[in-house]
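Biologist: Please show me the model. I would like to ask what stands behind the terms used for it.

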Protein chains: 2
Amino acid sequence: MARIKDVAVRAGVSVATVSRVLNASPSVSEETRNRVYTAMTELNYVPNAVARSLRTEATRTLGLIIGDILNPFFAELARAVEDTARKAGYTVVIGNADERAEEQDHYVRTLIEQRVDGLLICPTAEVTPLVEQAAATGDPLVFIDRVLPGMDVPSVRVDGTDAIGELVGHLKTLGHRRVALISGPLRLSTGRERTDAFVKAAAEHGMELRPEYIQSGDFQLASGRALTARLLDLPEPPEVIFGGDNLMTLGALDEIRARGLRIPEDVALASFDDVPWFPHMNPPITAISQPVAELGARAVRVILDRLHGRPAGSVVLPAVLVPRQSCGEGRNVS
Amino acid sequence: MARIKDVAVRAGVSVATVSRVLNASPSVSEETRNRVYTAMTELNYVPNAVARSLRTEATRTLGLIIGDILNPFFAELARAVEDTARKAGYTVVIGNADERAEEQDHYVRTLIEQRVDGLLICPTAEVTPLVEQAAATGDPLVFIDRVLPGMDVPSVRVDGTDAIGELVGHLKTLGHRRVALISGPLRLSTGRERTDAFVKAAAEHGMELRPEYIQSGDFQLASGRALTARLLDLPEPPEVIFGGDNLMTLGALDEIRARGLRIPEDVALASFDDVPWFPHMNPPITAISQPVAELGARAVRVILDRLHGRPAGSVVLPAVLVPRQSCGEGRNVS
DNA sequence: CCCTCCCGTGTAATCGATTACATGAGGGTA
DNA sequence: TACCCTCATGTAATCGATTACACGGGAGGG
């Protein structure tokens, strides 16, 4: 593969001049520039980003560590991050942590070895020593979606509290009283926040939220199904089940269908986290939609701010309720 | 950030020895090795992969260019590629081509600049000069999912012909005669193959496949919806619509619902490409499922074979029919 | 005519690792 | 004792770019 030196020889100039052409430096004469361009095409020259990065100490690359790319929420997030980064001239390397601290650490390590310019992390529950150290070292980190307590790292996240309040109001209007929640681990900021907001809203609206109606799992489909089974097995099952994310909601749906129950007549269903196919379900699923694309875009902007020495604060975005039919005769909005 | 030289000084050895420890060379004494390890942890040393790659001319990185990460098919593919590559000690950089040749070329260029060891591409319809040149130069390429005619590049793909034949048989058994297809662009190998297989199977089973029942779009939701509208507007609309991928099927579903038609009574629906939520639709969607995880894993193996100088042939995997209820009283398999 | 300044270009150090080759200590053998 | 071999380690070149600094020539001013 042709190197800058080959181009230089062919164009009859020095490597410095070729480099200047590569970097669009103004101090190269028109004529020389053309000679260099010609030599480059003739040789099929492709600059070596590895060598450039070594010298410049910048890779123009961002690392993104997410929980699970199969989860549409993360897929959309990855897409938004990638789009925004690309427009700013950055490449994104995605790491799939599979919601495991160990995998997350693997990627943190690898990406730091690769000298990414910044690291966007959807952290797992645990604060691992490696992440702690990276933060302490001053590596440019930003947390997305989830927050780790007691760490001085800027974060970009969604606050669903208001939307959950709205949802509970909606449920009350529809005549429901016994409401249940199946959510993620309380150690995850998102799991805790959604639970707290639901409990608070239920209290405010005078709903009947018994202790056994609050179940926490791991944001995965199987746990959604298992917890739903537990709820439906209660002597007095809830009238509504609220899934803490789209996968737990899908698990709930599986269990409800397996028992031949009707939605919303036998049990109503709502979801935190909207996905493109919820409107097409039978019945369409009422959901709380997060501004995922915005989340990703803002996260990139925060990290770029940090990289360019601009002040970088945290960002909190609101979620919105999208009422459909899975909780009863709501407005028919898709 | 600490460099190998700092570690060497602190451990009282030369950089060569530190490097040997890093690369687990056996010719370092136990005692020295320990001193080096200690120095590394004390300095929080993280090896610089950029420098290493420059010297070794290998990045242990693979590039993957896909059509659209929001499409569950590609998300699953990305996941499989990443998993398999990771197990072999490789990192994967994903590029989102958004089904546009221009974006695809951007990533081909960028990833070659970054000197990825191999490139996995789901090519867009056009054979761009850049891709052609990369293939000619002997860059390690592998095509996934789609094939470009007349290029000497190994490919890993799914052949749905048999499954489509099975589907048409299934439709016939259920009493359908007028069958229609909404598929992707014929210039895409997948679009053409699915269309050809459908036409052939329909003929073999004596189905009524009128020319106007064959529509081709762009594998996106909007085009699925528009083509479905066109089919339903025909004086004699088809009894069955077969979507060429999951997005076109979803578009079809939108249009069918918008018109208040029932599935399968008014019009039956089937899909090439199964996704996790099809079983949860109302009614559950009959689909042809591709071995996506296998597809990704095999593609990685093919490229690694090439990298290691082993012979690397193309791979064709079979798809399978998963009958559900959207075409009528089929077996109830989820 | 000479001095300065600027413009375009070249020389060479540098980034942080890997690795071929050199070196020196120690042990075994004749 | 002399020789050779092995083992552990060090020296220095190298990968392909960037860039500070040097330099030569031409223009412009006095």
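Biologist: Which of the 28 residues around DNA strand D come nearest?

Modeller: A:I4, A:S19, A:Y45, A:R55 and B:T32 come nearest to DNA strand D. A residue is near a strand if one of its heavy atoms lies within 4 Å of it. This is a predicted model, in which local features need pLDDT of at least 70 and side-chain atom pairs count only at pLDDT 80 or more, while totals for chains, interfaces and linings use all residues. Residues are numbered from 1 along each chain as its sequence is written, chains are lettered from A and ligands numbered from 1 in the order in which they are written, and side-chain values use heavy atoms, with hydrogens and water left out.

Biologist: What makes the approach of A:R55 to DNA strand D a polar contact?

Modeller: A polar contact is a pair of N or O atoms within 3.5 Å; within protein, one must be able to donate a hydrogen and the other to accept it, and residues adjacent in sequence count only if both atoms are side-chain atoms. A polar side-chain atom of A:R55 lies 2.6 Å from a base oxygen of DNA strand D, so the pair is within the limit. For A:A51, a backbone N or O atom lies 3.4 Å from a base nitrogen of DNA strand D.

Biologist: Which element gives the most to the surface near DNA strand D?

Modeller: α4(A), with 5 residues. Helices (H or I, at least four residues) and strands (E, at least two) are DSSP runs, numbered from the N terminus.

Biologist: Which element gives the most near DNA strand C?

Modeller: There α4(B) gives the most, with 5 residues. A polar side-chain atom of B:S19 lies 2.5 Å from a phosphate oxygen of DNA strand C.

Biologist: Why does A:N246 count as buried?

Modeller: Buried means under 20% relative accessible area, exposed over 50%, partly exposed in between (1.4 Å probe, protein chains only). A:N246 has 1% relative accessibility, so it counts as buried. A:N246 belongs to helix α11 (residues 246-258) of chain A, and its side chain makes a polar contact of 3.1 Å with that of A:N71.

Biologist: How do you know that β5 and β11 of chain A pair?

Modeller: Two strands pair if DSSP finds at least two bridges between them. Strand β5 (residues 155-159) and β11(A) have 4 bridges, in the parallel sense. A:V156 stands opposite A:V315 in β11(A).

Biologist: Which residues form the covered face of strand β11 in chain A?

Modeller: A:V315 and A:L317 form the covered face, whereas A:V316 and A:P318 form the uncovered one. In a regular strand the side chains alternate between the two faces of the sheet.
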